[in-house]
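Here's a quick briefing to read alongside the model. Have the viewer open and follow along.

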Amino acid sequence: MAMTRRGFLGSLPGVAAATPLAAQQRERRTGRGSIKITDLRCAIIGRNPVIRIVTDQGISGYGQAESTKPYLKPMVLFYKNYILGEDPTDVEKVMLKIRRLGAFKPWGSAVSAIEIALWDIAGQVAGVPVYKLLGGKIRDRVRAYNGGVRFPMTGQTPQDYADNMAKMKEAKEGFTLIKQAVGFHNPAMMRAMPGAWYDEPRTGAPHSDRGLMTERGLEHVIACVEAMKKVLGKDVGLALDCGPGWTVKDAITFARALEPLHITWLEDLITGDYTPYPNADVFREVTQSTSIPIHTGEQIYLRQNFKDLIEKQAVNIVGPDPEDVGGIAELKWIAEYADLHGILVAPHGIFDGLIGLAAHVQMAASLPQNYIGFEYPVGQPEWWYEIVEGLPDPIVKRGFIDVWDRPGLGVTFRVQAAKARLSEEDRGFFD
Ligand SMILES: [Mg+2]
């Protein structure tokens with residue numbers, strides 16, 4: 001005979017009595033009963049989409065998407081009717097409703113920002129920082145790597161790259177690892193060398209150049225890397241964001257030429273950025289042909305799309321972005337699964353903004369020991385630092401950020417200052 005779940009549980013000694021008791025204890029602890037989502041809002045602040053989940057208990061959660069996506073608002077609002085009335089502290093239950101309605105970058109961003117805002121609420125309701133809900137922290141400070149603290153280039157020669165790298169090495173954050181764009185990820189570098197590859201420069205979508213490199217082109221890129229590495233020495237690690245767009249053989253030649261330099265990783269040689277597939281088998285060929293760690297993953301949505309990369313040992317490092325992959329719990333799951341396979345994790349984050357920075361810190365505190373560092377998001381424009389409170393000052397000390405213990409993400413808006421930055425259309429965002 002079919003029995004309802006409630007009926008079945010009720011037939012077990014102790015269970016029927018335990019459930020209401022737990023609820024009563026929670027109510028006593030939080031001073032409130034059930035909590036429901038009453039609104040989902042999105043404002044474009046600067047160029048970052050910011051989302052706010054409003055509840056009937058006076059608690060709001062915030063999430064953010066990359067500053068490269070000021071067009072995201074309608075996509076965020078698309079999910080509103082799916083989550084209204086839900087209990088935001090049942091994060092996974094809410095995510096089951098919307099997770100399937102996303103895709104590779106940029107179409108996973110709204111789902112990801114909502115996930116982060118749900119954790120912000122769940123942490124505030126429980127009275128604990130989000131890292132506690134992700135399993136607790138295993139480190140008191142988290143490494144951030146430099147992907148966004150930049151200085152103007154003076155030219156495109158190896159010496160120009162060396163001079164620029166010297167400034168990054170001296171930056172006040174004291175980063176222990178710096179990432180630099182080279183090859184097809186750096187159109188200025190490639191286009192400064194006439195006939196660097198066997199195709200013509202493309203315009204339109206970002207990083208759309210690709211093809212077989214000429215000897216001259218490949219040697220120019222290698223010379224720039226050698227010059228930068230000479231500046232950093234053994235003091236600071238150098239990672240290279242390279243593509244997408246390399247042929248397999250060029251990628252292998254490039255990687256092998258750099259092996260004596262101990263480059264920390266080569267990112268997105270084959271696919272990446274806005275490529276809507278991972279191409280694990282092709283990455284594997286490169287990875288198996290060099291001792292330099294091969295990295296990819298910033299555009300990939302959901303754990304399922306990391307399955308091949310991880311199980312086939314197609315890369316050595318995965319780099320999901322919490323604001324694209326489906327959120328911070330999604331990224332933690334991928335990091336744990338990568339760790340089971342001897343693969344490292346270095347999350348992408350350059351455009352994730354200051355709410356995103358808080359999400360990175362909470363998440364990174366809880367990641368396993370295959371964690372290297374996350375890409376440090378810079379608040380742009382500069383006034384972003386005036387409208388968010390809760391971040392340490394200075395934020396980065398000698399390349400690390402101390403993990404804070406306030407409930408939720410532990411950062412929020414200085415509402416009066418932030419209101420002044422809202423467009424007319426978003427005027428009611430904080431009301
Ligand atoms: Mg990249």
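Which residue stands opposite Ile317 in S9? That's His295, and the strand pairing behind it comes up below. Before that, keep in mind that this is a predicted model, where local features need pLDDT of at least 70, side-chain atom pairs count only at pLDDT 80 or more, and totals for chains, interfaces and linings use all residues. Residues are numbered from 1 along each chain as its sequence is written.

**Overall picture**
- The protein has 18 helices and 14 strands; these are DSSP runs numbered from the N terminus, with helices being H or I of at least four residues and strands E of at least two.
- Its radius of gyration is 23 Å, close to the 22 Å from the globule rule for 431 residues, so the protein is as compact as a globular protein of that length. The radius is taken over C-alpha atoms, and the rule is 2.2 Å times the number of residues to the power 0.38.
- The C-alpha trace spans about 75 × 55 × 40 Å along the principal axes.
- Of the 431 residues, 49% count as buried (20 or more other C-beta atoms within 10 Å of the residue's own; exposed is 12 or fewer, partly exposed is in between, and C-beta atoms are placed from the backbone).
- Among contacts with a separation of 6 or more, 72% come from residues 24 or more positions apart; a contact means C-beta atoms, placed from the backbone, within 7 Å.

**The parallel sheet**
- Six strands make an open sheet with parallel pairing, ordered S5-S6-S7-S8-S9-S10; strands pair if DSSP finds at least two bridges between them.
- At the edges sit S5 (177–181) and S10 (344–345), each pairing on one side only.
- S5 is largely enclosed by the rest of the structure, because four of its five residues are buried.
- S5 and S6 run parallel and are joined by five bridges, with Ala181 partnered by Asp241 in S6.
- S8 (residues 294–296) and S9 (residues 317–318) pair in the parallel sense over two bridges.

**Helix packing**
- The axes of H5 (residues 91–98) and H6 (residues 109–126) come within 10 Å and cross at roughly 165°. Axes are lines fitted to C-alpha atoms, for helices over the stretch in contact, and angles run from 0 to 180 degrees between N-to-C directions.
- H5 and H6 are therefore roughly antiparallel (over 145 degrees; under 35 is roughly parallel, 65 to 115 roughly perpendicular, the rest oblique).
- Val91, Val94, Met95 and Ile98 of H5 meet a set of H6 residues including Ile114, Leu118 and Trp119.
- H6 also packs against H15 (residues 328–340) at about 100°, with axes 8 Å apart, so that pair is roughly perpendicular.
- Glu115, Ile116 and Trp119 of H6 make that contact with Ile328, Ala329 and Glu330 of H15.

- Most residues other than glycine have a negative phi, and most peptide bonds are trans.
- The Lys105 to Pro106 bond is cis, with omega near 10°, and Pro106 is in the loop between H5 and H6.
- Asp393 and Pro394 are also joined by a cis bond, with omega about 0°.
- Asp268 has a positive phi of about 55° and lies in the loop between S7 (265–267) and H12 (280–287); Asp268 is buried, with 29 C-beta neighbours inside 10 Å.
- Asp273 is in the loop between S7 and H12, with a positive phi near 50°.

Methods: Contact = placed C-beta atoms within 7 Å.
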